[in-house]
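Reader: Could you walk me through this one slowly? I'd like to see it first and then ask things as they come up.
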Amino acid sequence: NHQKVFLAIFIELKYASEGFLPFLKPLCEKYGFTPRMLETVRSKMRRMGVIDHVSRFNKAYGYREGWVFSSRFSKALNRLSEYVKSFRERKGTLQERKDRDLFMYL
C-alpha cells in the first residue's frame, strides 16, 4: 500500500505545473488511501530526500507553500556513484595491505 502512495505522490509532483504541489491531502480521495498512510509515506520520502517542503516565505516559489522534488537525493546518488568508482582504482601497496587486513577481521 505504501508503494501505491509513493507512486501517487511521485506522479502528481512530476506532472504538476512548475513541479509544485500545494497540497497532498486531495490525493487521498483521488487514489483511495488514508491520510495516515499519506503522512507516513510523505515523511519517509522527505527523510530520504526525494521531496522537500517549501515554506511560504520562499521567494523562489512565489511565496507559496507546498511540495517539490528535492535536489538532495540526486546529488547524493551522484556522490555515491563517484565513491563506488573510486573503489576500482588501485592506490598502492599500502592500501592493498590495509584492504587485505580488513578481510582478516571478518
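Reader: Where is Ser70 found?
Author: Ser70 sits in the loop between strand 3 (66–69) and helix 4 (72–87), where helices (H or I, at least four residues) and strands (E, at least two) are DSSP runs numbered from the N terminus. This is a predicted model, in which local features need pLDDT of at least 70, side-chain atom pairs count only at pLDDT 80 or more, and totals for chains, interfaces and linings use all residues. Residues are numbered from 1 along each chain as its sequence is written, and side-chain values use heavy atoms, with hydrogens and water left out.

Reader: Okay, is Ser70 buried or exposed?
Author: Ser70 is buried, because its relative accessible area is 10%, and buried means under 20%, exposed over 50% and partly exposed in between (1.4 Å probe, protein chains only).

Reader: And which side chain does Ser70 join in a polar contact?
Author: The side chains of Ser70 and Asp52 are joined by a polar contact of 3.1 Å, that is, a pair of N or O atoms within 3.5 Å, where within protein one must be able to donate a hydrogen and the other to accept it, and residues adjacent in sequence count only if both atoms are side-chain atoms. A polar atom of the Ser70 side chain also lies 3.3 Å from the backbone oxygen of Gly49.

Reader: What else is Ser70 in contact with, leaving aside neighbours within four places in sequence?
Author: With those neighbours left aside, Ser70 is in contact (heavy atoms within 4.5 Å) with Gly49, Val50, Ile51 and Asp52.

Reader: New topic: which residues of helix 1 meet helix 3?
Author: From helix 1, His2, Val5, Phe6 and Ile9 meet Met37, Leu38, Thr40, Val41, Arg42, Lys44, Met45 and Met48 in helix 3.
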